[in-house]
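User: I have just opened this entry and would like someone to walk me through it. Could we take it one topic at a time?

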Amino acid sequence: MTVVTATKRPEKGPPRVDGGRRPPDRGAWFLVLPALIPILVLSVGPLLYGIMLAFTDAQSGRTEPTGWIGGLNFQDLLHDTLFWESFRIGLVWAVGVTVPQFLLALGLALLLDQDLRLRWLARALAIIPWAMPEVVVGVMWRLVYNPDAGVLNETLRDLGLGDGRDWLSGLGTALPAVIVVGVWAGMPQTTVALLAGLQNAPHELHEAAALDGAGAWRRFRTVTWPALRPVALAITALNFIWNVNSFALVYVLTSGGPGGRTRLPMLFAYEEAFRYGQFGYAAAMGCVMVAVISVLLALFLVGRFRGGDET
C-alpha cells in the first residue's frame, strides 16, 4: 500500500520584479505629497514661469498684450556690458566671501572641537550671526561703517590711524567692506557643518598618530582632513551658490553703489524688473544665472564622483 503525503503549497506572495524585489508601494506617494506640493508650487512653478517670461517683451505699465519675441532678450543680454560687469563683480564677491569664510570657519571649528572650558557657551555665541536676518545684519554693519560715528572709524581715530573714511561709499573700499560683512554673516553655518564633520574623525587614530610622534599639522592632514573632506566640499559648494545668489545683504548695505561697484547680478536683475519695469529682460538675466549655477554645480558633482567620493 502506497502512502501519499500531501505537501503544503507555498503561499503566493505579491509579484516580484527586478531580481526578487517587491514593487514600490504606490501609497508612499501620499507621504511624499506634503513636501512635494510646496516645492512644485513655490519653486518649480515660478522657475518655469520665469523661463517663459524671458522669451517675452513683458513690461510694467504696458497697455498692449505681452508678446512672444523669442531670444531677443538673450541677444541684448550678450551685448549688455553692464550686466557682464555685474557678473564679474558677482564672481569676485562669491570667491572673496567663500574662501575666507571656509578658512576662518575651519579654524573656529577646530578650536570649538577641543575640550575647552565653557565650550557650550562658545558654540552658542558662534552661531549668533546665523540667527540674525540679513536685513538686520546689513543695518547693524551700516552703523559700524558710519563715517561720522561708526565704531570702526572711532576706533581708528582713538588709535591715531587717521580720521576714518566712508567705507561703503568709497570706490575702492565698498566691495571689500561688503565682503567682510558677507564673511562674518555666513561663517556660522559653515562652522556648524565643519564641526559636525569633525565628529566623524576617529579619535583613536589621533591618539595613535600622537604616540607615533606626529605633529598637529600631520595629524590634521592624515587623520582629520580625510574624514572632513566630504563635508568641506559640500558646504563650500553650497556657500558658493548662496553667495552668487546674494541680494538682501548687499542691497541693504550699498544698494549696488557706489557707481555700480557692488552691483551683483541678482541686484542688477532686481533693478531692471522693479525699477525700470523690464520684466522680460530681467527674467532673461535670471535664466542666465540659473544656467551658470547649474553648470558649476554639475562640474562639482562630476568632480566628486570621478574622485570616488560619493558620500
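Analyst: What follows is a walk through this predicted model, from its overall make-up to some local details.

User: What is the average pLDDT of the protein chain?


Analyst: The average pLDDT is 83, and 88% of the residues score at least 70. Residues 1–10 have a pLDDT below 50, and this stretch has zero contacts in the model beyond near neighbours in sequence. Where pLDDT is low, the predicted coordinates should not be read in detail.

User: OK, on to the inside. Which residues have the most contacts inside the largest nonpolar core?


Analyst: Those are W93, Y145, V181 and L253, in a core that has 27 residues. Two or more residues of this core come from each of α3 (81–112), α6 (134–144), α8 (174–198), α10 (216–244), α11 (248–253) and α13 (279–306). The largest share, seven residues, is given by α8.

User: You mentioned L253. What is it in contact with, leaving aside its neighbours within four places in sequence?


Analyst: L253 is then in contact with G138, W141, R142, L168, V178 and V181. V181 is also listed with L253 among the residues that have the most contacts inside the largest core. Apart from that core there is a second, separate one of 15 residues, which includes F102, A105, L112 and I235.

User: Changing topic, how many salt bridges does the count come to?


Analyst: The count comes to four salt bridges. In one of them the side chains of E85 and R88 meet, at 2.6 Å from N to O. Both residues lie in helix α3, three residues apart, or about one turn of the helix. E85 is partly exposed at 35% relative accessibility, and R88 is also partly exposed, with a relative accessible area of 44%.

User: What about R157, which residue does it form a salt bridge with?


Analyst: R157 forms a salt bridge with E154, and their closest N and O atoms are 3.3 Å apart. Because R157 and E154 are three residues apart in helix α7 (residues 151–158), about one helical turn separates them. R157 counts as partly exposed at 29% relative accessibility, and E154 is partly exposed with a relative accessible area of 33%.

User: Which residues are linked in a network of salt bridges?


Analyst: The network links R263, E271 and R275. Within it, R263 forms a salt bridge with E271, with the closest N and O atoms 3.4 Å apart.

User: Are R263 and E271 buried or partly exposed?


Analyst: R263 is partly exposed, with a relative accessible area of 22%, whereas E271 counts as buried because its relative accessibility is 8% and buried means under 20%.

User: Last topic, the backbone. Where is the cis peptide bond?


Analyst: The cis peptide bond joins G257 and P258, with omega at about -5°. P258 has its place in the loop between α11 and α12 (265–274). S255 is in the loop between α11 and α12 as well, and its phi is near 55°, a positive value in a residue other than glycine. S255 counts as partly exposed, at 36% relative accessibility.

User: Why point those two features out?


Analyst: They are pointed out because most residues other than glycine have a negative phi, and most peptide bonds are trans.

Notes:
Residues are numbered from 1 along each chain as its sequence is written. This is a predicted model: local features need pLDDT of at least 70, side-chain atom pairs count only at pLDDT 80 or more; totals for chains, interfaces and linings use all residues. Side-chain values use heavy atoms; hydrogens and water are left out. A nonpolar core is a set of buried Ala, Val, Leu, Ile, Met, Phe, Trp, Tyr and Cys residues joined through side-chain atoms within 4.5 Å. Buried means under 20% relative accessible area, exposed over 50%, partly exposed in between (1.4 Å probe, protein chains only). Helices (H or I, at least four residues) and strands (E, at least two) are DSSP runs, numbered from the N terminus. Contact means heavy atoms within 4.5 Å. pLDDT is the predictor's confidence in each residue, from 0 to 100.
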